[in-house]
Amino acid sequence: MKTFDYDIIVIGAGVAGGVFAASQNKDKKILVIERDLTEPDRIIGELMQPRGLQALEEMGLAHLVEGFDAQVVEGYKLIKGDETFTIHYKDVDNGIKGIGLRNGKFLTAIRNDIKSKENIDLVEGNVTDLIEENNVVTGVSYTNAQGEECKSSAAMVVVCDGPMSFFRSKLSKPNKKVTSYFMGLVLRDLDLEHPSLGHMIVTGDAPVLVYPIHSNGYRILIDYPGEKPPRIGTKAIEKFKEEISAVLPKEMVPSFVNAIENDQLKVMPNHSMKAQAFRKKGVVLLGDSLNMRHPLTGGGMTATFNDIISLNKALDGVDVHNSEALEKAVESYYENRSEEVETINILANALYKVFRDADLKEACFEYLQKGGEQSTGPLSILAGINRNKKYLLKHFFKVAMQHPLHFVTKPKKQMRLYKNAVGIIRPILKDEDQPAIV
Ligand SMILES: Cc1cc2nc3c(=O)[nH]c(=O)nc-3n(C[C@H](O)[C@H](O)[C@H](O)COP(=O)(O)OP(=O)(O)OC[C@H]3O[C@@H](n4cnc5c(N)ncnc54)[C@H](O)[C@@H]3O)c2cc1C
């Protein structure tokens, strides 16, 4: 049997790679290679849904969100002009909560955790290639922080190189689409009526999100629709300032104006990408390098943690040095993971489109505002707690069909609503139904 330097090599110590490494038993010798070990300041991965938190707890990793002023998130406040209402996670299931945090602080906590483990080596380096022997991935080449070219081998390579993944095109059929961009700032010194709620503002043409990330900071994410990034020159910033101030609740405006005038507006593309992996021995994709969805619902980390649990389950009892058993485990992970992530993906991509359609946005707001199962049902799916696709589709169509009489009294509008709903959901479902392995 071939001898390797490590049992597992992980490419990328981001949310996926870091948490995957932290979740492994100490009997596995692991090398984690991360391009940049300094604490990043990013606008991604800052609102964790209740299922994400639950999944961390299940893996014995709840401590990773402790000790850096992360904030409990109890649900959402929806805002459309002067109309507002709140929906709470506790009405879905008592005791569940989400969490708002700074992504950089979270990554530092994850990296400190894996650094403290004797079985894990965490090194700074840029992985440049996968090493293959007889069509089996057996290691990686990387340039370390000193600029030296290095090679390491392992029985299994876990590729977690994130949304801009370099390696995914070698390992899957990436069908990556940019739906929009998020522009992000931090709002400080806010005095909100509901400080522990995420705020979803659907007043304008595109949604705006505001949620707490530390005790005096709220992340604001402003959606900029389309495939092209926003220009952020002085004139454009002035225009955004005016347009966004007009849709924000007035208590947020001074803080927003202060932030946009003094801080750097950060911009990130919002992707959606179905996972379609190739059959390739010795290697597996995890996190955004495998699968992405619109970040409106804050589902990315939750989906990633569900994937880590699915992969760990598939690997349970498998000797990674037994290449046939490893291949079977990886295939079973690819084939079965969708049960745990498809509702998160479908809801994220569909809700974004609903909020971009004036009639459907109106209908969705009205539906959620009714309370009872009409609000707790969709929230249970958004929270990642309920992962039943039929239940999601039931609510999706009920939004469009909540006034069946309108087919008689307002036939044109009602038909448009129905057609648009079908037009949104059909391609999303078709995409999700593509085979997991190609
Ligand atoms: C604008 C935006 C907002 C979002 N907000 C949320 C949210 O609120 N809640 C949520 O749950 N999800 C959110 N997401 C999604 C979430 O951020 C991702 O799902 C999650 O970060 C995926 O983790 P990852 O490890 O795959 O990628 P990352 O966390 O980006 O980690 C990838 C790591 O790989 C490293 N790397 C890359 N290439 C190499 C290489 N060649 N060699 C070595 N290292 C390498 C990178 O430096 C990085 O550290 C958001 C996404 C976007 C775009």
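The legends below describe close-up views of a predicted model.

**View 1. The tilted aromatic pair of Tyr 333 and Tyr 334.** A search of the whole structure finds six aromatic pairs. In one of them, formed by Tyr 333 and Tyr 334, the ring centres are 5.2 Å apart and the planes meet at 35°, so the pair is classed as tilted. Tyr 333 is buried, with a relative accessible area of 1%, and Tyr 334, at 6% relative accessibility, also counts as buried.

**View 2. The edge-to-face pair of Phe 396 and Phe 397.** With ring centres 5.4 Å apart and planes at 90°, Phe 396 and Phe 397 form an edge-to-face pair. Phe 396 counts as buried at 12% relative accessibility, whereas Phe 397, at 27%, counts as partly exposed.

**View 3. Lysine charges over aromatic rings, at Tyr 6 and at Phe 365.** The charged end of Lys 29 sits over the ring of Tyr 6, at 4.9 Å from the ring centre. Lys 80 lies over the face of Phe 365, and here the distance to the ring centre is 5.0 Å.

**View 4. An open sheet of three strands with antiparallel pairing.** The strands are arranged in the order S3-S7-S4, and the edge strands, S3 (47–48) and S4 (71–73), each pair on one side only. Strand S7, which covers residues 98–100, pairs with S4 in the antiparallel sense over three bridges. Within this pairing, Val 73 has Gly 98 of S7 as its bridge partner.

Key: Residues are numbered from 1 along each chain as its sequence is written. This is a predicted model: local features need pLDDT of at least 70, side-chain atom pairs count only at pLDDT 80 or more; totals for chains, interfaces and linings use all residues. Side-chain values use heavy atoms; hydrogens and water are left out. Rings of Phe, Tyr and Trp (its six-membered ring) pair if their centres lie within 6.5 Å; planes under 30 degrees apart count as stacked, over 60 as edge-to-face and the rest as tilted. Buried means under 20% relative accessible area, exposed over 50%, partly exposed in between (1.4 Å probe, protein chains only). A charge sits over a ring if NZ of Lys or CZ of Arg is within 6 Å of the ring centre and within 35 degrees of the ring normal. Two strands pair if DSSP finds at least two bridges between them. Helices (H or I, at least four residues) and strands (E, at least two) are DSSP runs, numbered from the N terminus.
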